[in-house]
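Subject: The structure I promised you

Hi,

Here is the structure we talked about, ready for you to open. Have a look around first, then read on for what turned up.

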Amino acid sequence: MADAEESEKKRRRIEDLTDKMAVDGGACDWDGRWNHVRKFLERPGPFTHPDFEPSTESLQFLLETCKILVIGAGGLGCELLKDLALSGFRLIHVVDMDTIDLSNLNRQFLFRPKDVGRPKAEVAADFINSRIPGCKVVPHFKKIQDFDESFYRQFHIIVCGLDSIIARRWMNGMLISLLSYEDGTLDPSSIIPLIDGGTEGFKGNARVILPGMTACIECTLELYPPQVHFPMCTIASMPRLPEHCIEYPRMFQWPKEKPFGETSLDGDNPEHIQWIFERALERAAQFNITGVTYRLTQGVVKRIIPAVASTNAVIAAACASEVFKIATSAYIPLSNYLVFNDVDGLYTYSFEAERKDNCSACSQVPQDLQFPPSAKLQEVLEYLTENASLQMKSPAITTTLEGKNKTLYLQSVKSIEERTRPNLCKTLKELGLSDGQELAVADVTTPQTVLFKLNFTA
């Protein structure tokens with residue numbers, strides 16, 4: 001607790017100094033320091049925006065005013081922080097809930113062996129602040145869900161360097177919830193651009209999202225790689241791979257034995273991973289399977305995809321370039337999706353992902369659910385989790401019946417789950433639902449409740 005309080009005090013001190021450094025930072029600016037940036041902002045060029053007017057004000061905006069939020073301080077986040085700081089951005093916040101593991105050091109270059117066990121956000125901020133004069137990065141060792149709307153409203157641009165699709169979707173939903181409409185017209189001043197980068201081995205992508213205007217994360221959900229799932233029968237009866245041995249204690253032994261009480265399995269908790277690792281070793285020994293390691297256990301539990309440092313560097317550079325374009329209006333931003341692949345040679349291209357008129361996040365209209373009255377609630381739940389354009393994780397379904405709110409099913413709270421579980425076997429008609437009924441669905445993938453309109457089919 002004392003460490004947490006000291007960490008919070010340190011973060012506040014850094015934040016208090018941020019605005020002051022924006023003014024005093026000029027003392028650190030030696031002659032010629034920003035010449036590489038001035039070349040882009042103080043003279044025209046063949047690729048500049050048609051409406052761009054060269055001036056010194058754009059650089060001053062970067063140095064003194066523009067506030068950037070970087071989400072994630074891992075392989076991609078470290079590169080982003082370095083690129084942004086060296087491009088003239090000084091008011092940077094970074095959010096990351098993870099601590100440094102030994103396996104991070106081969107690609108997350110802001111960290112050293114002495115930093116193992118410390119929060120990534122704090123170590124990354126300290127490194128950038130000490131290396132780049134005038135730059136003050138404010139760290140936040142928290143989850144993105146721990147912050148409210150007022151926190152996110154303060155930033156001009158948000159950049160994601162995440163390895164979690166759920167976190168991306170949540171952040172996408174948060175920025176959409178900040179949009180303001182007047183008589184159905186979007187207020188441009190309420191838009192906070194989101195630059196999203198992702199890597200998977202030797203593949204990567206970068207994209208520019210203008211919430212409410214361009215395709216959002218939910219509009220293109222099917223572009224993200226599906227989660228790896230192993231057949232249940234193989235895991236339970238005929239394991240052949242070390243991954244099968246790890247999945248067994250995760251899926252069967254943890255819920256049954258409850259080694260830490262009712263606590264859910266946390267992939268970031270070393271004690272939880274160690275417990276799964278030890279049980280996986282026992283199961284591997286029973287079937288003469290080799291290859292179960294602590295690192296593999298952590299990778300399977302957290303669904304970690306192997307990262308390549310060079311891919312992180314390329315995608316971070318692309319994302320930082322888009323931040324620079326939007327912040328200065330000097331160049332036309334990417335429209336709006338960049339794909340990078342160097343598995344066999346070098347291949348890259350860009351295309352415009354289209355916004356969906358019926359997107360569950362940004363369309364502003366209830367989504368249609370088409371089921372016959374005889375369909376069971378379980379079928380609706382499966383549709384919400386398995387449909388490629390929704391991919392919810394643990395949806396909670398509520399509605400209004402006879403003027404009262406009624407929870408049809410909620411999975412995250414054990415007592416309510418037990419009470420509402422019988423509803424899964426009931427038909428929509430038996431639950432008292434009617435054609436045109438609105439269902440409110442909450443899920444970990446979004447901070448907002450998603451509205452669905454039930455349309456009965458014959």
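Let's start with a term you'll need: a polar contact is a pair of N or O atoms within 3.5 Å, where one must be able to donate a hydrogen and the other to accept it. One thing to keep in mind throughout is that this is a predicted model.

Now to Asp-443, which sits in strand β14 (residues 438-443). Its side chain reaches the backbone nitrogen of Lys-393 at 3.2 Å, so that pair falls within the 3.5 Å limit. Leaving aside residues up to four places away in sequence, Asp-443 touches Met-392, Lys-393, Ser-394 and Pro-395. Asp-443 is also buried, yet it has no salt bridge.

Salt bridges do turn up elsewhere, and the count comes to 13. Here are a few to click on:

- Arg-153 and Glu-149 meet at 3.3 Å, N to O. Both lie in helix α6 (residues 149-153), four residues apart, which is about one turn of the helix. Arg-153 is partly exposed at 46% relative accessibility, and Glu-149 is partly exposed at 35%.
- Arg-250 pairs with Glu-247, with the closest N and O atoms 2.7 Å apart. These two are three residues apart in helix α9 (residues 242-257). Arg-250 is partly exposed at 25%, while Glu-247 is buried at 2%.
- Arg-421 and Glu-417 form a salt bridge at 2.6 Å, N to O. Arg-421 is partly exposed at 44%, but Glu-417 is buried at 11%.

There is a network too: salt bridges with shared partners join Lys-114, Asp-115, Arg-118 and Asp-126.

On to the rings. A search of the whole structure finds 15 aromatic pairs. In one of them, Phe-151 and Tyr-152 have ring centres 5.1 Å apart and planes at 80 degrees, so the pair is edge-to-face. Phe-151 is buried at 9% relative accessible area, and Tyr-152 is buried at 0%. Phe-371 and Tyr-383 are edge-to-face as well, at 5.8 Å centre to centre and 90 degrees between the planes. Phe-371 is in strand β11 and Tyr-383 in helix α13, so this pair ties together parts twelve residues apart in sequence.

Two last stops: Phe-147, Phe-151, Tyr-152, Phe-155 and Trp-170 form one aromatic cluster, and the charged end of Arg-283 sits over the ring of Tyr-248, 3.6 Å from its centre.

Cheers

Methods. Residues numbered from 1 in each chain as written. Predicted model: local features only at pLDDT ≥ 70, side-chain atom pairs only at ≥ 80, totals over all residues. Heavy atoms only, no water. Phe/Tyr/Trp six-rings, centres within 6.5 Å; stacked < 30°, edge-to-face > 60°. Buried < 20%, exposed > 50% of the residue type's maximum accessible area, 1.4 Å probe, protein only. Lys NZ or Arg CZ within 6 Å of the ring centre and 35° of its normal. Lys, Arg positive; Asp, Glu negative; His and termini not counted. Salt bridge = Lys/Arg side-chain N within 4 Å of Asp/Glu carboxyl O. Contact = heavy atoms within 4.5 Å.
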